[in-house]
Amino acid sequence: MAPSRGERASAAPTSPWIALLMLWLAGCMDACRFDRAFLICRRSGVVRKKTGQCFLNGLLVLGSVLVLQKAIIPALSWLLDFEAHVDDGSARPVPKLQSFLIALYYVLWLYPIYVISFVINCIHSNEIAQHVFHEVKKTMNEPTSRPSTGTSSTAAAFDSFTRGIGENLYSVIVIGAFFAEAFVASFIPYVGQLLYFVLLSWLYAYYCFEYKWGLAQWSLERRLVFFETNWAFFSGFGSPCVLATFFFSPLVSTGVTAILYPLFVLIATASDPEKSIARVKRDSSLFPRLPIFYLANSCSLPIVRFFVSRFPATR
């Protein structure tokens, strides 16, 4: 009996480029599942409250930038009788007093507000991920782990705790080195901005999913292997967030990120990337592991060895 048209289509080999595009689109579509965020916010008052606070923090940063650009600078220009061009068309230098007052606004208000909002949003994002993670477990009727008691279990819990701290610190160093790598790559002629966009997409995706993987007690090695093996999917997942901030100034981008980032953390925690990838990735040999964090790891290991040599573990 001859196979049907659907069977022949499924049996036909898929072009690697088409499969790559499909995997990228799967990640992008997962990132745009705002319905998941809406349903969880509707179900959980804590998630709704924390997400709203992150949104207000982002609006505060954006509002501070807007006040500077639309109110403070024009007011200073008027008060100091500053004009961008004189009547004959030649440019006049900016008065030193105006530059000093603008710098004062940056130092005393804008930068502190940005740092405080960033720290608060990181804390809120962690709390959002925790509540979403437990809500998803309740929906799937999965049992939640409970801490054990006893001397041996206490020692094991302490070892696990210290190992988790070490992995988190190492992850922070790796991510910092990776961001520096993306920043340097942006200066490469012709392809620098494209590389910067792709690297930032991976960085945002890793940040969003790191909360979920930490709550699921994934080791750092498992996170990196899964991420680097499915690099096309995570490039697609991080692209919407990067696209929303890519064409703005750095300060405006930080405000937009403060609004969108907790939302993408919520979506990432509620999503199931394994299922989304399995629906598209039929042949794993088409997508070999891409060592995305190789350079960042190489730069981070000397720092880790330095601290280990200075602060050796005690047994």
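Which helix holds both Phe-209 and Trp-213, and how many residues apart are they? In this predicted model, both residues belong to helix 7, where four residues, about one turn of the helix, separate them.

View 1. The rings of Phe-209 and Trp-213 are stacked, 5.6 Å centre to centre, with 25° between the planes. Both Phe-209 and Trp-213 are buried. The two residues belong to one aromatic cluster that also includes Phe-178, Tyr-206 and Trp-218. Over the face of Trp-218 lies Arg-222, 3.9 Å from the ring centre.

**View 2. The largest nonpolar core.** This core comprises 58 residues, and Phe-178, Trp-202 and Trp-213 are among those with the most contacts inside it. Helix 7 (residues 192-215) supplies the largest share, 13 residues. Beyond four places in sequence, Phe-178 touches Leu-199, Trp-202, Leu-203, Ile-292, Phe-293 and Ala-296. A separate core of 11 residues includes Cys-41, Cys-54, Val-132 and Ile-267.

View 3. The whole structure contains 24 aromatic pairs. Phe-183 is partly exposed, at 43% relative accessibility, whereas Phe-187 is exposed, at 60%.

**View 4. Cysteines without disulfides.** Zero disulfides are found in the whole structure. The sulfur of Cys-28 has its closest cysteine sulfur in Cys-32, 4.6 Å away, and therefore too far for a bond. For Cys-54, also in no disulfide, the nearest cysteine sulfur is that of Cys-122, at 9.0 Å. Cys-28 is buried, at 18% relative accessibility, and Cys-54 is buried at 1%.

How values were computed
Residues are numbered from 1 along each chain as its sequence is written. This is a predicted model: local features need pLDDT of at least 70, side-chain atom pairs count only at pLDDT 80 or more; totals for chains, interfaces and linings use all residues. Side-chain values use heavy atoms; hydrogens and water are left out. A disulfide is a pair of cysteine sulfur atoms within 2.5 Å. Buried means under 20% relative accessible area, exposed over 50%, partly exposed in between (1.4 Å probe, protein chains only). A nonpolar core is a set of buried Ala, Val, Leu, Ile, Met, Phe, Trp, Tyr and Cys residues joined through side-chain atoms within 4.5 Å. Helices (H or I, at least four residues) and strands (E, at least two) are DSSP runs, numbered from the N terminus. Contact means heavy atoms within 4.5 Å. Rings of Phe, Tyr and Trp (its six-membered ring) pair if their centres lie within 6.5 Å; planes under 30 degrees apart count as stacked, over 60 as edge-to-face and the rest as tilted. A charge sits over a ring if NZ of Lys or CZ of Arg is within 6 Å of the ring centre and within 35 degrees of the ring normal.
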